[in-house]
Amino acid sequence: MASNYGTLTGLAYTMPFALFGLYVGKITESANRKWALAIVIALAASTMGLTGAVNSFLVLGAMRVMHGMVNSATNPLSFSIIGDYFPPDKRATANSIIHSGQYIGTAMGSISILMISKLGWRSTYGLMSAISLATAGLIALLVKEPKRGVFLTKLEKQKEAEKKK
C-alpha cells in the first residue's frame, strides 16, 4: 500500500478531480446549488466511508477516483453561491476565505496520516466520513440558496437573457 500511496492520493484523485470539475461547472448554472453542494459533500463522505471498508486495491483505487470526481463539484458550486451572496467589491475576500478552507482541508488530510498511525486507516476514513456527513447536514440546514444574478449589471443581465433565448 505504501508504495502506491502517490498513485492513490495523486493520480487516482487529482486527474478525475480536474477533468470532472470542467463538466460540473455547467451544472451550477441550472442546479439548486445549496442542495447540490450538500449532496456532493454527502457523496464524498460516502466514498470515504466505503474506502475504509474495501478489501481490494482495485476497489480502493476506484473509490479514490470517485472521491476525486465528486469533490470536484465543490469549487464551482461554492464559488457560484458566493457570487450571488456577495457584491463584487466583497467577492474576492469571500472567495479567498472559502478557498483557504480547501487548504485547511488539505492540511487536515496531512494530519490524517498521524490519525492513521493511531487509529488505523479504516477508522480514519470512517471518522473523516462522519465529519463530512455532518458538514453536509450543516450546509443543508444553514445555507440558503441565493437569488441568481442579484449583483449583475444591467448589461450582464441583458446578456444572460439573450443566452436563455
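**View 1. Confidence along the predicted model.** Of the elements of this predicted protein, helix α2 (residues 33-51) has the highest mean pLDDT, 94, while helix α7 (residues 154-164) has the lowest, 74; pLDDT is the predictor's confidence in each residue, on a scale from 0 to 100. Over the protein the average pLDDT is 87, and 95% of the residues score at least 70. Helices here are DSSP runs of H or I with at least four residues, strands are runs of E with at least two, and both are numbered from the N terminus. Because this is a predicted model, local features need a pLDDT of at least 70 and side-chain atom pairs count only at pLDDT 80 or more, whereas totals for chains, interfaces and linings use all residues. Residue numbers start from 1 along each chain as its sequence is written, and side-chain values use heavy atoms, with hydrogens and water left out.

**View 2. Threonine 28 in the loop between α1 and α2.** Threonine 28, which lies in the loop joining α1 (5-27) to α2, counts as buried at 7% relative accessibility, where buried means under 20% relative accessible area, exposed over 50% and partly exposed in between (1.4 Å probe, protein chains only). A polar atom of the threonine 28 side chain lies 2.7 Å from the backbone oxygen of glycine 25. When neighbours within four places in sequence are left aside, threonine 28 is in contact (heavy atoms within 4.5 Å) with Arg33, Pro76, Leu77, Ser80 and Arg148.

**View 3. Glycine 105 in helix α5.** Glycine 105 has its place in helix α5 (residues 88-119) and is partly exposed, with a relative accessible area of 40%. From glycine 105 to threonine 93 the C-alpha to C-alpha distance is 19 Å, with the two residues 12 apart in sequence.

**View 4. Two aromatic pairs.** Rings of Phe, Tyr and Trp (its six-membered ring) pair if their centres lie within 6.5 Å, with planes under 30 degrees apart counted as stacked, over 60 as edge-to-face and the rest as tilted; by this rule the count comes to 4 aromatic pairs. One of them joins tyrosine 85 and phenylalanine 86 in a tilted arrangement, 6.4 Å centre to centre and with 50 degrees between the planes. Tyrosine 85 is partly exposed at 37% relative accessible area, and phenylalanine 86 is partly exposed at 33%. Tryptophan 121 and tyrosine 125 form an edge-to-face pair, because their ring centres are 6.2 Å apart and their planes stand at 85 degrees. These two residues, tryptophan 121 and tyrosine 125, are separated by about one helical turn, being 4 residues apart in helix α6 (residues 121-142). Tryptophan 121 counts as partly exposed at 25% relative accessibility, whereas tyrosine 125 is buried at 15%.

Terms used
A polar contact is a pair of N or O atoms within 3.5 Å; within protein, one must be able to donate a hydrogen and the other to accept it, and residues adjacent in sequence count only if both atoms are side-chain atoms.
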